[in-house]
Amino acid sequence: LKHTAHLAVGQRGMGGCESCASGRRKEVERLIDDAKRHGDCRNLRDAIRQAEAEGMDVLAARQLYAEMAKQERQSPERAQEMLRWAASTQDGVILRQVIEEVETLCPDSLSLVPARKRLQEYQEEIKRKICRTQDTQKLSLFLDRARQMGIPSAELGEHFRRFEEGAARASKSSIAEPPVAL
């Protein structure tokens with residue numbers, strides 16, 4: 001009877017008395033404090049969700065969570081994991097982007113050495129494809145990927161000229177000639 005006499009206001013359909021709601025809020029506050037104290041990003045995120053469900057103000061906890069998540073993403077351990085993942089994609093463009101990010105976050109990371117070597121292998125592979133292809137569309141694609149992989153335009157200049165010549169020839173051959181009268 002005691003618990004049903006004072007219904008909590010604004011409990012979004014959860015019902016219960018003020019005493020129970022207060023207990024839930026205290027429990028959520030404890031969860032947030034524990035997660036903050038232990039630096040546990042995942043537990044803090046879960047506690048924030050519970051606090052929001054209780055209608056609590058979680059702005060400070062959200063700001064702390066954002067900072068903790070940022071630090072976690074930028075840790076040297078995470079950098080190594082990111083480089084391994086990028087290498088596993090077998091995509092030179094992605095690998096270059098991740099290398100650039102890791103160079104900014106952890107310029108002394110030992111994982112950068114094998115990643116750069118792998119990127120260089122991808123660059124050499126795309127250069128070989130560029131040299132071998134006669135197809136203008138493929139050449140365009142390969143040149144674009146080569147630039148995205150960080151190959152300087154100066155190294156690709158001859159191939160850009162070849163592409164432009166091929167495109168010009170294709171354009172001329174696609175112009176319809178007047179029909180021949182029989």
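The model is predicted. Two packed helices are described by the angle between their axes and the distance between the axes. The pairs treated below are α5 with α6, α6 with α7, and α7 with α8.

**Helix α5 with helix α6**

- Helix α5 covers residues 76–88 and helix α6 covers residues 92–105; their axes come within 8 Å and cross at roughly 170 degrees.
- Angles over 145 degrees count as roughly antiparallel, and α5 and α6 are therefore roughly antiparallel to each other.
- The crossing of α5 and α6 is left-handed.
- On the α5 side, the contact is formed by A79, M82, L83, W85, A86 and A87, while α6 supplies I94, L95, V98, I99, E101 and V102.
- By class, this contact of α5 with α6 comprises 11 nonpolar residues, one charged residue and no polar residues.

**Helix α6 with helix α7**

- The axes of α6 and helix α7, the latter spanning residues 112–132, come within 10 Å and cross at roughly 150 degrees.
- This angle makes α6 roughly antiparallel to α7.
- The α6–α7 crossing is left-handed.
- From α6, the residues in contact are G92, L95, R96, I99, V102 and E103; from α7, they are L112, A115, R116, R118, L119 and Y122.
- Seven residues of the contact of α6 with α7 are nonpolar, four are charged and one is polar.
- L95, I99 and V102 of α6 take part in the contact with α5 and also in the contact with α7.

**Helix α7 with helix α8**

- Helix α8 comprises residues 136–148, and α7 packs with α8 at an angle of about 155 degrees, their axes being 9 Å apart.
- The angle makes α7 roughly antiparallel to α8.
- The crossing of α7 and α8 is left-handed.
- Helix α7 contributes I126, K129 and I130 to the contact, and helix α8 contributes L139, F142, L143, R145 and A146.
- The contact of α7 with α8 divides into six nonpolar and two charged residues, with no polar residues.

**Aromatic rings**

- The charged end of R118 sits over the ring of Y122, at 3.9 Å from the ring centre.
- Both R118 and Y122 are among the α7 residues in contact with α6.
- Zero aromatic pairs are found in a search of the whole structure.
- W85 of α5 is among the residues that make the contact with α6, and F142 of α8 is among those that make the contact with α7.

Methods:
Residues numbered from 1 in each chain as written. Predicted model: local features only at pLDDT ≥ 70, side-chain atom pairs only at ≥ 80, totals over all residues. Heavy atoms only, no water. Phe/Tyr/Trp six-rings, centres within 6.5 Å; stacked < 30°, edge-to-face > 60°. Lys NZ or Arg CZ within 6 Å of the ring centre and 35° of its normal. Axes fitted to C-alpha atoms, helices over the stretch in contact; angles between N-to-C directions. Helix = DSSP H or I, 4+ residues; strand = E, 2+ residues; numbered from the N terminus. Parallel < 35°, antiparallel > 145°, perpendicular 65-115°, else oblique. Left-handed = near helix turned anticlockwise from the far one by under 90°. Contact = heavy atoms within 4.5 Å. Nonpolar A, V, L, I, M, F, W, Y, C, P; charged D, E, K, R; others polar.
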